[in-house]
Amino acid sequence: MPYAQVTLVQLRGYFYEQVDQNTTFWRTDEVDRILQESVRVFNCLTGFWRGQITIAGGTVAGQHFYNVPSGMTYLLRAEVNQQPLGSSSLWDLDYGQPNWEAESATSGNLPQVFAPAGVNLFAIWPASFAGGESLVVEGVVSAPALTTSGFIDLGQDEVELILDYAEHIAQFKEGGQEFEVSQLLLKEFLKECGERNAMLMQSSKFRTWMGLTDQKKRPMRLPDERVGAR
Amino acid sequence: MTVLNTEVANNVIYRVLENGDANAAFPTLLTTMFTPTEILDSMNRVQQAFLLATGMIVTRTTIAANAGTPKYQMPADSIRPRRLTWQDAGGSIKVLTQVDTWELDNGKPDWPSDAGVPFSWWETTLAQQQIAIAPTPNQIGQINLLYVQLAQPSVSGIAAVVVFAGPNTLPLANYFFVVVKETALGLVAQSLEFGPLLIGGTRYGLFSNIPQDTDAVAWRIYFGLTAVAENQYFRQTRAVVAAAGFTMIINAPGLAGIVPPPILSVPDDWSPYILWGTLAELLSSDGPSFDPVRAQYCKQRYNEGVELANLVLMG
């Protein structure tokens, strides 16, 4: 069941509270676009909006590749006839099961693994024997398009995060110190996203952008003794 | 994919303060610091680079392979092969590993003359859009190709349509226009919307600066009475357009047809990273708009998108 707590108008109002109600420098149309970008980036980083889509027609006998349904940002899991498929990659299949693209399940058995090939395509192995089984994919779906009618499927606890990011990118056009200072908001936003998506914490680049250092906490040698107060 | 090119362009306008005291309405710009063409061209380049760097959108096709033929042409819209497999006549399929000619020269010295079941592919010393498989196949088969497709670019640089006095069988009215490029792959790119312009009766419209792209087989001008709802089009082959000095004239009703929407080639949620990449390019360009600090920030945000895409696609 979707959240019914925040509307775009409310979100816009919260944003203006953070920028001193300056509706001249940040026009309503611009704020709506900033908020739309904020929810999209938040969704990419955390996979916040998820959904399940049944692929029309289900499996096809002997077919290994299937299109990811439109509206899905990226795939997380898949199941055939309500049996979960293991997660794999094309590389693993290519080098672990070299003839996989020519292999089909035997009668009475189902495909076992799925492997994303891009955000628009995925493969299953082995291919369905007879076809016609239900094929359901679950994953991150597109962030909601913000409109002035209805609620945004977003909890109150995530609003602050969205607003921090929105405030940061709103400062971009100011440049200078205002923008420089707002970089802290971006770091905090990324850190919070990292807490929701452990995959980000595995990336040294993301850790750097979050302001987390990979340097040794204990130096290899102590600094030289110096005269004076220490 | 539903994000319009103009959505990104309007965001660019806001971020670089080109809107003035009005809502952003690309291609209207407050100053001459950037031109609409620069913004569109930059967006096109960034989109290609993003798709290339991430392999986010892939396309599958097959290439028929002959015994004794090692080299094959890639599809015209391929910007990067991602994965090749060899399928023999019996239906067995094996992945081909990418190698380079140094590896082949030193690891399998007789490879240029050897024939057998291919196990690798290479492109290091070949012309663009060409790949080769090694060893040379000794039987017919099929290469299954997974590749990154060229993104749908926007047509830019077309001079605004000019109205001239002359016969026109179209009813006199205000029309909107969109120029669309047609290649062997179909309708692949389109311009921004022009208009409204009053033509018909004794007034006709002339489009100048139609791009000279050699891959175009024809150009279409969609037009209609309602903005973003052009409902008829006029089509001319590239040869005819070239003979007319890369101009096209609208002086008669067209065929029924609806202009395809100019959308980005990346999924909606990834569109902010195209915006940041575009801003990075624009703010890095020499001149009054040069802003290395913010350009570097934008580049970092673009790189964030590439890194994230690689993380989620890794599984």
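Is B:Arg294 buried or exposed? B:Arg294 is buried, at a relative accessible area of 15%, where buried means under 20%, exposed over 50% and partly exposed in between (1.4 Å probe, protein chains only).

This is a predicted model, in which local features need pLDDT of at least 70, side-chain atom pairs count only at pLDDT 80 or more, and totals for chains, interfaces and linings use all residues. Residues are numbered from 1 along each chain as its sequence is written, chains are lettered from A and ligands numbered from 1 in the order in which they are written, and side-chain values use heavy atoms, with hydrogens and water left out.

**View 1. B:Arg294 and its salt bridge.** B:Arg294 pairs with B:Asp291, with 2.7 Å between the closest N and O atoms. A salt bridge here is a side-chain nitrogen of Lys or Arg within 4 Å of a carboxyl oxygen of Asp or Glu. Searching the whole structure turns up 22 salt bridges over all chains.

**View 2. Where chain B meets chain A.** Chain B brings 50 residues to the contact and chain A brings 48 residues, contact being heavy atoms within 4.5 Å. The area buried between the two is about 4500 Å², with 59% of that from carbon and sulfur atoms; buried area is the accessible area (1.4 Å probe) that two parts lose on being put together, summed over both. There are 21 residue pairs in polar contact between chain B and chain A (both at pLDDT 80 or more). A polar contact is a pair of N or O atoms within 3.5 Å; within protein, one must be able to donate a hydrogen and the other to accept it, and residues adjacent in sequence count only if both atoms are side-chain atoms. On the side of chain B that touches chain A, α6(B) gives the most, with 12 residues. Helices (H or I, at least four residues) and strands (E, at least two) are DSSP runs, numbered from the N terminus.

**View 3. Salt bridges across the interface.** Six salt bridges are counted between chain B and chain A. One of them links A:Glu37 to B:Arg15, with the closest N and O atoms 2.7 Å apart. A:Arg40 forms a salt bridge with B:Glu7, at 2.9 Å between the closest N and O atoms. This pair crosses between chains, running from helix α2 of chain A to helix α1 of chain B. A:Arg40 is buried at 8% relative accessibility, while B:Glu7 is partly exposed at 23%.

**View 4. A salt bridge inside chain A.** A:Lys173 and A:Glu30 meet side chain to side chain in a salt bridge (2.9 Å, N to O). A:Lys173 sits in the loop between α4 and α5 of chain A and A:Glu30 in helix α2 of chain A, so the pair ties together parts that are 143 residues apart in sequence. A:Lys173 is buried at a relative accessible area of 6%, and A:Glu30 is buried at 3%.

View 5. Most residues other than glycine have a negative phi, and most peptide bonds are trans. B:Phe26 and B:Pro27 are joined by a cis peptide bond, with omega about 15°. The B:Gly195 to B:Pro196 peptide bond is cis as well, with omega near 5°, and B:Pro196 belongs to strand β11 of chain B. B:Leu17 has a positive phi, near 55°, and lies in the loop between α1 and α2 of chain B.
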